[in-house]
Amino acid sequence: MDLIQNIFSSFVALVPVTLAQSLILAFVVLGIMIPFRTLNFPDLTSEGAFPLGGCVCGVLLAGGASPLTAIAVAVIAGFLAGCCTAFIHLRFRIHTLLAGILMMTMLYSINLRIMGKSNLSVFGSPSVFDWAPYLQPGFPASKIVIAGLIGAAVFILLNMFFKTEKGTAIRAVGANSDMAEAQGINVWVATIGGVGLASAFSATSGALMVQSQGFADVNMGLGILINGLAALMIGEAIVGKQTVLRQLAAPFVGAVVYYQLVSFCLAAGMPPPDLKLATGLFVLAMLALPSLKRSRGSAPARETIRE
Amino acid sequence: MLEIRSARKVFYKGQADEKVALDSLSLKLATGEFGVVIGSNGAGKSSMLNAISGALVLDSGQVIINGDDVTAMPVHKRAMRLARVFQDPMKGTAASMTVAENMLLADLRSQKRTLRQGLNATRLATYKERLSLLGLGLENRLDTRVELLSGGQRQSLSLIMAVGGSPDLLLLDEHTAALDPRTADIVMQATVRAVDALKLTTLMVTHNMQHAVDFGHSVIMLDAGKLRLEISGEEKAKVTVVDLIGHFSVKTDRMLLAS
């Protein structure tokens, strides 16, 4: 009984910190969802775009730039990285996953070049989290409010965007690119813009993370993709993905639930080194589920991340 | 008006399996004319349609639509002028999107897409009305995702999407071949009604000789990438299935059965 109480109390103590972290990382999950689901462009760029955003933001903060400027430049850098991945795929007909790996690998060097060293402390620099009204800067509450507000704004804007004429066209490119082209949609522009937008969100996440934790590290993206995928799948299992609204809500809900789950596992005594294995097995199980179901004879589900 | 001027396309050039798909093909289709294209497999029918739509880049020659040379235009630019219904019902629609969203995409084919809301009440009412012409009940399924429709319903939707907005040129690529006979008949009747009502310049590829006899103002027969035969006017009105089959250099079982 004591043990359970112990686990529970240490988990509860971590809930606010974890919530703040998950709201920041929700943007990476969004940056993974858009290419995978909306554009049918399985993409790994986020693993490089996330630290890219972090490194750009870190260097600018260290140089005395305002936190908003730092985030804005990080967003642009992320956007360009995503554009490059999409361009590599479209122009040279390289598989999207390979194009993503290429970009991610090259970005590692670029990130090192940007920072000049492998990590950079920006502790004490101003951050967007200082601007939460009535709240003490530096505490989880201010991070939850600020990250939550940005998240809500992005969610609402994207939901509106995907229902506009342009947004519908971008979704059509993911649904059936030949058909989209035959309906007069420029597939190149839509794909490059869409993947760019997704990477911009990943970079936003990295920039917010650096402002939240007070340091930037070139290795901060390590494993972010598999975490994001796991979060996305949890989110889709909870809210579904049949409509634009649900598909957009999935990354946010998934990120919050996933990181609380991780925190619970750690509180329950799971050794941190095993975390990636556990996450990997979880993603594998989620991907394998449809094919296991199929062999039992129920309706086959098409899974775009497979194959 | 559609004009093809000495179009030439060679696949696998310089290799052992070199294939001349289009061999100096020239063709004219007047405004409002409904041409039916026939020919055996490999005659160049699909290559010709792809060359017109822009999916196939010609080695030489020109494609002219309503007096404008579109040879250098990519597919999405040519879409402003032409609409196409594919043989495969899956190809012409976006499966994971709703009927209304697919209609919207087709509706915006020749317009600039803006940041305004896509599906508004006016548009939904228009789509409902257009779909009700089919008599398949699609007008009540505007929010259904297209992947849940049958092949015939999807193909009918593709057709309505293609003829909406009166394109300068309508390309029908064996668009009833994948359907069961009854559905094929419904889609074919809807096609003829729309083409007549809107006076669309139309090019229809078919393997169904009866369709070639029954519909259209002219019959165009391709063979080995060349124009082998063109029957139009009074001659077209009198032509029979047997006459058409007689012109094929290679006769398939399917054609013989049709006679």
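**Entry 1: helix α8 of chain A**

I looked up how enclosed α8(A) is and found 22 of its 27 residues buried, so this helix is largely enclosed by the rest of the structure. I note here that the model is a predicted one. Next I checked the length of α8(A): at 1.5 Å a residue its 27 residues should span 39 Å, and the end C-alpha atoms are 39 Å apart, which agrees. Just past the end of α8(A) I found A:G214, with a positive phi of about 85°.

**Entry 2: helix α5 of chain A**

I went to α5(A), which covers residues 140–161. From first C-alpha to last, its 22 residues reach 31 Å, close to the 32 Å expected at 1.5 Å a residue. I then listed its buried residues: A:S142, A:K143, A:I144, A:I146, A:A147 and A:G151. What covers them? I found that the cover includes α1 (2–38), α8 (187–213) and α10 (244–267) of chain A.

**Entry 3: the sheet in chain B**

In chain B I traced an open sheet of four strands, ordered β2-β1-β4-β5, with antiparallel pairing. I noted that β2 (19–29) and β5 (68–69) each have a single partner strand and stand at the edges, so one side of each is left without a neighbour in the sheet.

I looked at one pairing in detail. Strand β1(B), residues 2–11, is joined by five bridges to β4(B), residues 60–65, and the two run antiparallel. I picked out B:I4, whose bridge partner in β4(B) is B:V63. I also found helix α1(B), residues 45–53, lying across β1, β2 and β4 of chain B, at about 65° to β2(B).

**Entry 4: B:L142**

I located B:L142 in the loop between α4 (121–132) and α5 (151–163) of chain B. Is B:L142 buried, exposed or partly exposed? I recorded it as partly exposed, because it has 17 C-beta neighbours inside 10 Å, and a buried residue needs 20 or more. Setting aside neighbours within four places in sequence, I found B:L142 in contact with B:T98, B:V99, B:A100, B:L124, B:Y127 and B:K128. I also looked up B:L56, which is 86 residues from B:L142 in sequence and 34 Å from it in space, C-alpha to C-alpha.

**Entry 5: where the chains touch**

I turned to the contact between the chains, which takes 25 residues from chain B and 19 residues from chain A. On the chain B side, α2 (75–78) and α3 (99–107) are the elements that give two or more residues. The largest share of that side, four residues, comes from α3(B). By class, I noted eleven nonpolar, eight polar and six charged residues on the side of chain B that touches chain A.

Notes:
Residues are numbered from 1 along each chain as its sequence is written. Chains are lettered from A and ligands numbered from 1 in the order in which they are written. This is a predicted model: local features need pLDDT of at least 70, side-chain atom pairs count only at pLDDT 80 or more; totals for chains, interfaces and linings use all residues. Two residues are in contact if their C-beta atoms, placed from the backbone, lie within 7 Å. Ala, Val, Leu, Ile, Met, Phe, Trp, Tyr, Cys and Pro count as nonpolar, Asp, Glu, Lys and Arg as charged, and the others, Gly among them, as polar. The expected span of a helix is 1.5 Å times one less than its number of residues. A residue is buried if 20 or more other C-beta atoms lie within 10 Å of its own, exposed if 12 or fewer, and partly exposed in between; C-beta atoms are placed from the backbone. Two strands pair if DSSP finds at least two bridges between them. Axes are lines fitted to C-alpha atoms, for helices over the stretch in contact, and angles run from 0 to 180 degrees between N-to-C directions.
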